[in-house]
Structures are given as structure tokens and as C-alpha cells.
Amino acid sequence: LLGILLFSYLAEGYVFSICSSVCAVLLYNFFFTEPYYNLKVNNPDYIITFLVMFLVGFITSMLTIRIRLERQQVVEREQYISSLFYIEKKLLDVKSEEELVKTSAKEIANQLNANILIQFYNNNEVSNRDVQGKDIFDNDIEKTACLETYQSGSPCGYGTTLFSDAKAYYTPIVSQNGVLGIVGVSMPDSSVLSETQNTFINVITPQIAVVLERQNLSRKEQKVQIEMQKEHLRADMLRSISHDFRTPLAGIMGLA
């Protein structure tokens, strides 16, 4: 039983747990029951012993593996929470949309250890794009999955029912004003995102949307200020021209 526990703690997977329980029963029968050093059983009562031993070993090994997996999930969640706090601080410091797309892609790629695409849209056209890692997002299938994610506002690509033959998983960046862009994730080992990784993506995309909305509002405010300055300059020019014309016209009228 001690061997089963140690093996279950070191191994990963329930198949190994079953194999270790079966091997433990066979070894016990081989070394510690008469006749020794073979798998024959003279006493039928040993069959019950073997069955109980197998069940106890299997259940304890399953519980050991479950505790180990839960511990790994807790560690991963703690790492993701720390990373979220760090990334949010960096996102708040960006000064432009170009810096935002590069910072977002870089930090998500570092956290997930994956190929990442961040793509922003403006009037159904790509306004900014950045790829961290291998660029597998440039073929027709991936572009179609990106466009479908942007237009539908629903996740598409690998691991979903829409465009499941794509190599990457795509999720929208959504704000109150609609879809602003998409995030593409392609794991190097072609695996599906885990629950923790998916939660991380779902939490970070609204933060990107907030910063992007702030950038858009800032750009609109600058545009309004420029228009106001243009109007002010136009009014000053008209006043200057009218003043330059008013003086000679007054003299001409007086002479006339």
C-alpha cells in the first residue's frame, strides 16, 4: 500500500493508479502467500484479501492524485492572479494604441507560454496588430476565424464548434460599445486551453477593452481640440483680413 501511495504521488494519471494497484496485488500474491514465488492461490480466502487490497490501494491512489492535481491548480491560480495584477499595472501605463497592442501580446505570451495574436479593429478594418511567438495566424482559415470572432462576438477556432480546424483559439475583446478586437492563442503542443488559462484570458480581455476605450476617447478628445483650434485660427484670420480691408475701404468711401 505504501508503494501504491508513493507511485501515485509521483505518477500523473489514473491509468497508472490502476496499474500500480494491480501490480501490488500480484506482487503480494507472489511473495507473501503460499505457495511462494508463483501466482497460484491455495486458500480461497486470499481472493477476498486481494480484492480488498486492490480496492483500498486504488481508492487511496485516486485520492492522492486528486489532491496533487488540486494543489497544482491552486498554485497555477495564484500565479495567474499575480500575473493579472502585474499586467493590469502595465496596461494602465501605456500611452498609445500601438503600445497597448504590443504590451498585451507580450505579457499574455509570457504568461501562457504560447503564440499570441492581438488585433484591434476600427470601422471593420484592422487598425493595429501584433504577434508574439510564431505567426501561424496569417493563412485563410485563421483570418476567417478572426473575422467571424469579431463579427459574431463569440469565441471561435480550435477547441470550439466554429472553425474547429483552425490552429488557434480566438476570443473577442468586448466593451460596452461592441467588439473592439480579438485575442488569438495557439499553444505550442496544440493542446486545448485549460480552465485556468481560459479564465485568465476572459479576465484580461475586459482590461484591454477598458484601456483601448480610454485610448479611443483620448484620441477623439484630441481631434475635437484640434478642430476647435482650427475654428479659432479661422476666426482670427477672418478678423484680421476684415480689419485689413475695412481701413482702406473706409478711406475710399470717405474720398468718394
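**Salt bridges and a surface patch**

Modeller: In this predicted model, Tyr 37 lies in the loop between helix H2 (14-32) and helix H3 (45-92). Tyr 37 is exposed, its relative accessible area being 58%. Together with Leu 27, Phe 31, Phe 32 and Tyr 36, Tyr 37 makes a nonpolar surface patch of about 600 Å².

From this orientation we turn to the salt bridges, of which the structure holds three. One of them joins Arg 234 to Glu 231, with the closest N and O atoms 2.6 Å apart. Both residues belong to helix H6 (residues 195-255), and because they are three residues apart there, about one helical turn separates Arg 234 from Glu 231. Arg 234 has a relative accessible area of 42% and is therefore partly exposed. Glu 231 is also partly exposed, at 47% relative accessibility.

Another salt bridge is formed where the side chains of Asp 135 and Arg 129 meet, at 3.5 Å from N to O. Asp 135 counts as partly exposed, at 40% relative accessibility, and Arg 129 is partly exposed with a relative accessible area of 35%.

A further salt bridge brings together the side chains of Asp 138 and Lys 143, again at 3.5 Å from N to O. Here Asp 138 has 48% relative accessibility, so it counts as partly exposed. The term "partly exposed" covers values between the limit for buried, under 20%, and the limit for exposed, over 50%.

Key:
Residues are numbered from 1 along each chain as its sequence is written. This is a predicted model: local features need pLDDT of at least 70, side-chain atom pairs count only at pLDDT 80 or more; totals for chains, interfaces and linings use all residues. Side-chain values use heavy atoms; hydrogens and water are left out. Patches are made of residues with over 30% relative accessible area and no salt bridge: like charges are joined within 9 Å, nonpolar side chains (Val, Leu, Ile, Met, Phe, Trp, Tyr) within 5 Å. Accessible areas come from the Shrake-Rupley method with a 1.4 Å probe; for residues, only the protein chains shown count as cover. A salt bridge is a side-chain nitrogen of Lys or Arg within 4 Å of a carboxyl oxygen of Asp or Glu. Helices (H or I, at least four residues) and strands (E, at least two) are DSSP runs, numbered from the N terminus. Buried means under 20% relative accessible area, exposed over 50%, partly exposed in between (1.4 Å probe, protein chains only).
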